[in-house]
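The following explanation is intended for a reader who meets this structure for the first time. It begins with the chain as a whole and then turns to individual places within it.

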Amino acid sequence: MKQTDTPSTLLMIFGATGDLAKRKLYPSLFHLFNKGKISKDFAVIGVARREWTEEQFKKHVEDSVLTSIGTKENIDEFISHFYYQSHDVSDSESYITLKNLADSLDNKYNLHGNRIFYLAMAPEFFGTITDHLKSDGLTDTQGFHRLVIEKPFGHDLPSAEQLNNQIRESFTEDQIYRIDHYLGKEMVQNIEVIRFANALFEPLWNSRYISNIQVTSSEELGVEERGRYYEKSGALRDMVQNHMLQMVALLAMEPPIKLTTEEIRGEKVKVLRALRPLKDDEVKDYFVRGQYGPNETGGRGYRQEPNVDPNSNTETYVAGKLMIDNFRWAGVPIYIRTGKRMETKSTKIVIQFKDIPMNLYYNRDKPLAPNLLVIHIQPDEGITLHLNAKKSGQNVETTPVKLNFSNNSVDGMNTPEAYEKLLHDCMRGDATNFTHWDDVKLSWAYVDKISEVWETTKETEFPNYCAGTAGPKAADELLEKDGFYWWPIDNLDVDNC
Ligand code: NAD
């Protein structure tokens with residue numbers, strides 16, 4: 001096993017028996033461990049309410065690794081670093097025991113007081129936990145102290161501000177790592193490289209050459225068991241406020257002066273500041289909401305899902321048109337759409353270039369296809385460039401061709417999971433791919449206007465798309481009125497991956 005320069009760390013996972021820890025955190029840590037990317041001096045304390053013994057917890061970690069990765073190589077050594085404390089996070093006294101355990105592991109593994117507190121729990125506990133971490137002395141050590149927080153970060157701007165103020169009582173902004181797992185995805189991280197490392201693209205990346213951008217994130221699954229949470233959230237808060245706006249910021253930002261955390265985050269924030277704010281009566285012209293209904297093959301509608309109001313007004317689909325009012329993007333619509341129970345699971349970005357000024361090959365029956373750059377985020381990872389070329393034969397006829405780059409086939413194996421990369425970044429103190437409070441604040445301010453209007457106007461057409469389809473008709477009309485249409489996801493697939 002290679003050794004690493006990642007500092008030794010004590011990782012405390014609050015919510016250690018939960019779904020996120022099991023499906024994402026333990027397998028990611030195991031990968032990092034086996035790749036030699038974490039220091040051999042590390043320890044993990046799992047904190048959760050269940051009264052498990054340490055052995056039960058270790059077995060749980062082992063099972064989660066086995067289920068997810070299918071190998072147990074080095075597992076005994078890996079789980080020997082895991083400890084468990086059964087602890088209700090609202091119970092003040094347990095923090096003293098936790099501190100004693102942490103201090104003893106500090107000595108045992110020579111961790112230099114470096115601590116990461118990962119809150120894999122419901123957000124209502126975040127403030128209580130951070131208050132205790134400070135007041136009970138868990139942050140009184142020499143090393144670094146980092147707080148990792150899962151989404152959702154509030155459910156609107158006032159609640160996010162309240163949460164942020166409470167957390168900031170105990171941690172400074174540069175100690176807070178707000179997870180947006182899209183920022184850990186390989187091809188989302190690739191957006192900057194595609195843009196800023198290619199002379200071919202960056203000169204064209206503006207309103208003179210780009211006609212519109214389309215960002216799609218669709219899921220085949222419905223809300224499953226998360227109806228209670230989703231009823232209060234909806235697609236706008238669950239997807240647009242964070243993941244979709246973060247992808248837009250990366251697509252639209254100016255080149256940073258350097259690839260440092262501050263410079264990159266600074267440029268992203270400027271995009272969010274330039275988002276054209278909507279007035280109440282403009283929301284309907286820029287945003288469309290949808291809710292899935294039952295389909296003919298017996299697929300349940302959203303209103304029939306467990307823990308969902310049979311008359312629910314919650315949206316499971318959002319399409320929107322964003323305008324960025326700055327020099328680079330004046331007049332270029334950026335369309336976004338995201339939904340549950342769609343026909344395909346896919347996250348893709350399509351950059352559509354403007355038509356060339358004069359078409360020498362114009363054929364009334366077959367107009368030239370526009371050039372497209374497609375960035376495939378998931379499940380396929382890659383890039384496709386759609387061009388026009390000559391059709392073989394004597395006539396000068398054009399035919400669309402695709403240049404493909406598939407990340408999956410280059411690596412020959414799965415690229416690292418987003419959580420693996422983000423955990424590693426956090427251990428190394430690199431906050432670039434985590435959201436800054438300024439992003440969170442501006443995103444909520446933008447999205448809140450839309451939710452306010454939607455909350456006061458019940459959507460009489462719900463449900464307005466059948467489970468397993470491409471979404472409501474109104475989403476197509478949103479683009480049609482600008483003379484565009486959504487590029488069909490299936491036709492954009494990366495070949496041969
Ligand atoms: P979960 O309900 O599966 O697990 C919750 C954990 O919190 C359990 O370990 C439970 O023991 C613990 N817990 C609850 N109340 C407690 C208390 N009073 N004291 C101590 N421990 C307590 O939740 P989850 O799905 O793992 O989600 C955790 C967080 O991650 C949430 O903020 C969620 O929004 C976020 N998140 C989850 C996922 C996912 O895939 N599961 C994805 C993105 C974000």
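The paragraphs below describe the overall fold, the confidence of the model, and then several selected residues.

The structure is a predicted model. Its mean pLDDT is 93, and 96% of the residues in the chain reach 70 or more.

The chain contains 14 helices and 16 strands. Along the principal axes, its C-alpha atoms fill a box of roughly 80 × 50 × 45 Å. The radius of gyration is 24 Å, which agrees with a compact globule, because a globule of 497 residues would have a value near 23 Å. Of these 497 residues, 55% are buried.

The surface and the charges may be considered next. The chain exposes about 22,500 Å², and carbon and sulfur atoms supply 49% of that area. There are 58 positive and 74 negative side chains in the chain. The centres of the two sets lie 3 Å apart.

Attention now passes to the backbone. Most peptide bonds are trans, and most residues other than glycine have a negative phi. Against this background, a cis peptide bond joins Lys-151 and Pro-152, with omega at about 5°. Pro-152 belongs to the loop that runs between strand 5 (145-149) and helix 6 (157-168). A cis peptide bond also joins Gln-378 and Pro-379, where omega is about -5°. Pro-379 lies in the loop between strand 13 (372-378) and strand 14 (382-390).

Positive phi values are found in loops as well. Asn-110, a residue other than glycine, has a phi near 55°. This residue, Asn-110, sits in the loop between helix 4 (94-109) and strand 4 (115-119). Its relative accessibility is 45%, so Asn-110 counts as partly exposed. Arg-341 is not a glycine either, yet its phi is positive, at about 55°. The loop that holds Arg-341 lies between strand 11 (333-339) and strand 12 (346-353).

Asp-430 is located in the loop between helix 12 (418-428) and helix 13 (437-456). With a relative accessible area of 23%, Asp-430 is partly exposed. Leaving aside neighbours within four places in sequence, Asp-430 is in contact with Tyr-177, Thr-261 and Asp-425. Asp-430 and Ile-191 are separated by 239 residues in sequence, and their C-alpha atoms are 18 Å apart.

Where is Arg-289 placed? Arg-289 is part of strand 8 (residues 287-290). The relative accessible area of Arg-289 is 8%, and therefore the residue is buried, given that buried means under 20%. Beyond its neighbours within four places in sequence, Arg-289 is in contact with several residues, including Asn-313, Glu-315, Tyr-317, Trp-454 and Phe-462. Among the other contacts of Arg-289 are Thr-457, Lys-458, Glu-459, Asn-464 and Pro-472. Arg-289 and Gln-394 are 105 residues apart in sequence, and the distance between their C-alpha atoms is 50 Å.

Terms used: Residues numbered from 1 in each chain as written. Heavy atoms only, no water. Helix = DSSP H or I, 4+ residues; strand = E, 2+ residues; numbered from the N terminus. Rg over C-alpha atoms; globule rule 2.2 N^0.38 Å. Buried < 20%, exposed > 50% of the residue type's maximum accessible area, 1.4 Å probe, protein only. Areas by Shrake-Rupley, 256 points an atom, 1.4 Å probe, with all protein chains shown as cover. Lys, Arg positive; Asp, Glu negative; His and termini not counted. Charge placed at Lys NZ, Arg CZ, Asp CG, Glu CD. pLDDT = per-residue confidence, 0-100. Contact = heavy atoms within 4.5 Å.
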